[in-house]
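Subject: Structure handover

Hi,

Here is the structure I promised to pass on. Please open it alongside this email.

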Amino acid sequence: MGKPTGFLEYERKESVAEAPLKRIKHFNEFHTPLSKKEQERQGARCMNCGVPFCQSGILIKGMVTGCPLNNLIPEWNDATYTGNWDEAFYRLRKTNPFPEFTGRVCPHPCEVGCTCNLNGDPVNIKEKELSIIERAFERGLIKPEPPEVRTGKKVAVVGSGPSGLCVADYLNHRGHLVTVYERSDRVGGLLMYGIPNMKLEKTYVKRRADLMEKEGVVFKTGVDVGVDVKVQDLKKEYDAIVLCCGASNPRDIKVPGRKSKGIYFAVDYLKAATKSLLDSNFTDKKYIDAKGKNVMVIGGGDTGNDCVGTSIRLGCKSLIQLEMMPKLPDERQADNPWPEWPKVCKTDYGQEEAIAVFGKDPRVYQTTVKEFIANEKGEVCKARLVKLESKYDKKAKRNVMAEVAGSEYEVPVDLVLIAAGFLGSQPYVTKAFGVDVNQRTNVKTEEGHYKTNVDKVFTAGDMHRGQSLVVWAIREGYDCAREVDTALMGYSNL
């Protein structure tokens, strides 16, 4: 259990982030890992609680507490505390096929559930996970492990994001012949083009894809299933098809002036920036340039924050980030006790950088766009904003955010990035396969299952559950793989 008194003797320590004004000069990851000795000391803080919420992965009031993958966190904390890093890796890989991804981009609900979080600072779990997997790569513990026996069954996975990669990884190790179709030019889906390089360097995505290829997974990039490949041809060739295309249908803003030039969806902005970075280090100019522009980001989530950080690195002149809802409190309130997810204000890396560059937090709360105003060339040049307040709606029988009369004002804007979330799967894919969708346009299945209404067709990840965390996509990928395996073999040993 680590050290019985470790949580009393040692304070939580985290990797040191490069100063904002330095890190905005590049697109690389910017944290310096803790030393091996300090990592082992941090492992001593784990108490191996009688009820370890850190690995529970349960929903409380609709929000997750603990790891959805049920990672054996107390076990690998104890292993690192005693210096047995190899054992820590073997325990970690039992539940998580891609710790190098979750260790970088997961918002660590495991730490939310840590008992130390009740009256102090949680155990540093996320960084421990990352240090274990990277040390395993360094020590050569991770090598290609192709299956010794093949079943002869063929599976097509459409989409190479975290859920698609997970499905492919498990089914390949089971012995099935797996081919992954990806419409982009590189493997990784959300991991490659949805998450900026400074949060997840793409060398790590390629490293994992290369390893999977050596183990027998076939990747076909630049192939848009439903457009370049006919669905009926896939059904003839494969014994099962798994749709892992993500929730890539962005939510739009319907206001006057929306068709003005210079207004983009965040997903297109981030993809163009990462692709240009990887292809040419921006010399090809095939990205949406923010240099010298007044940038407005609409949406306060992770994607909005990524747009803030990317725009600053690309040299924007000013930046404003709109949030419809009120600012969350800085500390937990009495009605939001542990181990619930803490509903508190979070200042992420992008906002930190904006504060350092412009001297203030870019977020403007309880505000939305009323109208976009274009110049004579049809380019957006201003936005008319309006303040919002919470009011009870008798029809809806709930509080809604309503406009405050007389609160309108204008701001200069040259580039608008819409990061207002996603509405589910893209219709051209679901229609091509003929799968049923729910009201949110997520692919419909029976509760707790992954088989669609179409024979031999399954689904997993954001396409199934809606926009969510990478760690949930991985969990769905594992559960879906087990269901596919059972359908193909009559049982599953996954």
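Below are the findings, sheet by sheet, then a pocket and a few backbone details.

This is a predicted model, in which local features need pLDDT of at least 70, side-chain atom pairs count only at pLDDT 80 or more, and totals for chains, interfaces and linings use all residues. Residues are numbered from 1 along each chain as its sequence is written, and side-chain values use heavy atoms, with hydrogens and water left out.

Some terms come up throughout. Helices (H or I, at least four residues) and strands (E, at least two) are DSSP runs, numbered from the N terminus. Two strands pair if DSSP finds at least two bridges between them. Buried means under 20% relative accessible area, exposed means over 50%, and partly exposed lies in between (1.4 Å probe, protein chains only).

Five strands make an open sheet in the order β7-β6-β5-β8-β18, with parallel pairing. β7 (218–221) and β18 stand at the edges with a single partner strand each, so one side of each has no neighbour in the sheet. From one strand to the next, the twist averages 20°. Axes here are lines fitted to C-alpha atoms, for helices over the stretch in contact, and angles run from 0 to 180 degrees between N-to-C directions.

Helix α18 packs on this sheet and touches β5, β8 (240–243) and β18. Its direction makes about 165° with that of β18. Contact means heavy atoms within 4.5 Å.

Look at β5 and β6 next. β5 (residues 154–158) pairs with β6 in the parallel sense over five bridges. V155 stands opposite V178, and V157 stands opposite V180. Strand β6 (residues 177–182) has five of its six residues buried, so the rest of the structure largely encloses it.

**Another sheet: β9-β17-β10-β11-β12**

This open sheet also has five strands, in the order β9-β17-β10-β11-β12, and the pairing is parallel. Its edge strands are β9 (263–265) and β12 (363–365), each pairing on one side only. The twist averages 20° from strand to strand. Helix α13 (residues 266–280) packs on the sheet, touching β9 and β17 (415–418). The direction of α13 makes about 85° with that of β9.

α17 (462–465) and α18 (470–489) each supply at least two lining residues. The largest share, four residues, comes from α18. By class, the lining has five nonpolar, ten polar and eight charged residues. Ala, Val, Leu, Ile, Met, Phe, Trp, Tyr, Cys and Pro count as nonpolar, Asp, Glu, Lys and Arg as charged, and the others, Gly among them, as polar.

**Backbone details**

G461 sits in the loop between β18 (457–459) and α17. It counts as buried, at 0% relative accessibility. Beyond neighbours within four places in sequence, G461 contacts S163, G466, A473 and E476.

Most residues other than glycine have a negative phi, and most peptide bonds are trans.

- W338 and P339 are joined by a cis peptide bond, with omega about 5°. P339 lies in the loop between β11 and α15 (349–358).
- H108 has a positive phi of about 45°. It is partly exposed, at 25% relative accessible area.
- T441 has a positive phi, near 65°. It is partly exposed too, at 27%.

Best wishes
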